Amino acid sequence: MLARRSSLVALCLGLALLHGCRRQNESLSYLTITHEVSPQPPRVGHTGITLSLTDAYGKPITGAHVILEGNMSHAGMVPVYAETTEVAPGRYGATIELTMAGDWNITAHVSLKDGLNVERQFEIKGVANR
Ligand SMILES: [Cu+2]
């Protein structure tokens, strides 16, 4: 049963590269990501971001690997990256350097321990100059 599920997932990931895969979306719908940003209000410089990953039952999802990518909406900015560490079960924290005032879009690249990859985005708006 387990092996059968794994092969379905592998097939799904292969198909997803071509034209998306419904099964992948279903299997990931249980994942909830909430985020905290400090300081508040946000300002240019080192910014702490902590993500909480939970399943459909509200249980923490442990053992994931999460990379944060920060981008601004306008052209010509170099993306900023930070690798998180699991600071508590299901909680992933990193410090990211917001290099300019304005609105930032953060993408969390999440690799779950069963091998599935998910991306979620959220905004940090109105980052102020120091
Ligand atoms: Cu910018």
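M77 is partly exposed, with a relative accessibility of 22%. Partly exposed here covers the range between buried (under 20% relative accessible area) and exposed (over 50%), taken with a 1.4 Å probe and protein chains only. H74 falls in the partly exposed class as well. Its relative accessible area is 35%. The model is predicted; local features need pLDDT of at least 70, side-chain atom pairs count only at pLDDT 80 or more, and totals for chains, interfaces and linings use all residues. Residues are numbered from 1 along each chain as its sequence is written, and side-chain values use heavy atoms, without hydrogens or water.

M77 and H74 both belong to the copper site. The protein donors of the copper ion are M72 (SD), H74 (NE2), M77 (SD) and M100 (SD). They lie 2.1 to 2.5 Å from the ion. Donors are N, O and S atoms within 2.8 Å of the metal (3.2 Å for Na, K and Ca); water is not among the atoms, so sites may look incomplete. The arrangement is tetrahedral because the 4 donor atoms subtend angles of 93 to 117° around the copper ion. Four donors count as tetrahedral if all angles lie between 85 and 135 degrees. Along the chain, the donors follow the spacing M-x1-H-x2-M-x22-M. H74 sits in the loop between strand 3 and strand 4. Its C-alpha atom is separated by 9.9 Å from that of G102, 28 residues away along the chain.

The protein has 2 helices and 8 strands. Helices (H or I, at least four residues) and strands (E, at least two) are DSSP runs, numbered from the N terminus. Along the sequence the pattern is α-α-β-β-β-β-β-β-β-β. Of the 130 residues in the protein, 35% are buried. Among contacts with a separation of 6 or more, 56% link residues 24 or more positions apart. A contact means heavy atoms within 4.5 Å.

Two strands pair if DSSP finds at least two bridges between them.

Strand 1 (residues 32-38) pairs with strand 2 in the antiparallel sense over 7 bridges. The two strands form a hairpin with 6 residues between them. I33 stands opposite L53 in strand 2, and V37 stands opposite I49. Strand 2 (residues 45-54) is mostly covered, with 7 of its 10 residues buried. Strand 2 is also joined to strand 6 (residues 91-98) by 8 bridges, and these two run antiparallel. There, G45 stands opposite L98.

Two cis peptide bonds deserve mention. Most peptide bonds are trans. The bond joining S38 and P39 is cis, with omega about 5°. The bond from Q40 to P41 is likewise cis, with omega near -5°. P39 lies in the loop between strand 1 and strand 2. P41 is placed in the loop between strand 1 and strand 2 too.

Another open sheet of 4 strands has the order 4-3-7-8 and antiparallel pairing. Its edge strands are strand 4 (80-83) and strand 8 (117-127), each pairing on one side only. Here the twist averages 20° from one strand to the next. Strand 3 (residues 65-72) and strand 7 (residues 102-111) run antiparallel and are joined by 8 bridges. V110 in strand 7 is the bridge partner of V66.

The mean pLDDT of the protein is 84. A value of 70 or more is reached by 78% of the residues. Confidence is highest in strand 5 (residues 85-88), at a mean of 98. Confidence is lowest in helix 1 (residues 2-19), at a mean of 43. Over residues 1-27, pLDDT stays under 50. For this stretch the model has 15 contacts beyond four places in sequence.

Note on methods:
Axes fitted to C-alpha atoms, helices over the stretch in contact; angles between N-to-C directions. Tetrahedral: all angles 85-135°; square planar, octahedral: opposite > 155°, others 65-115°. pLDDT = per-residue confidence, 0-100.
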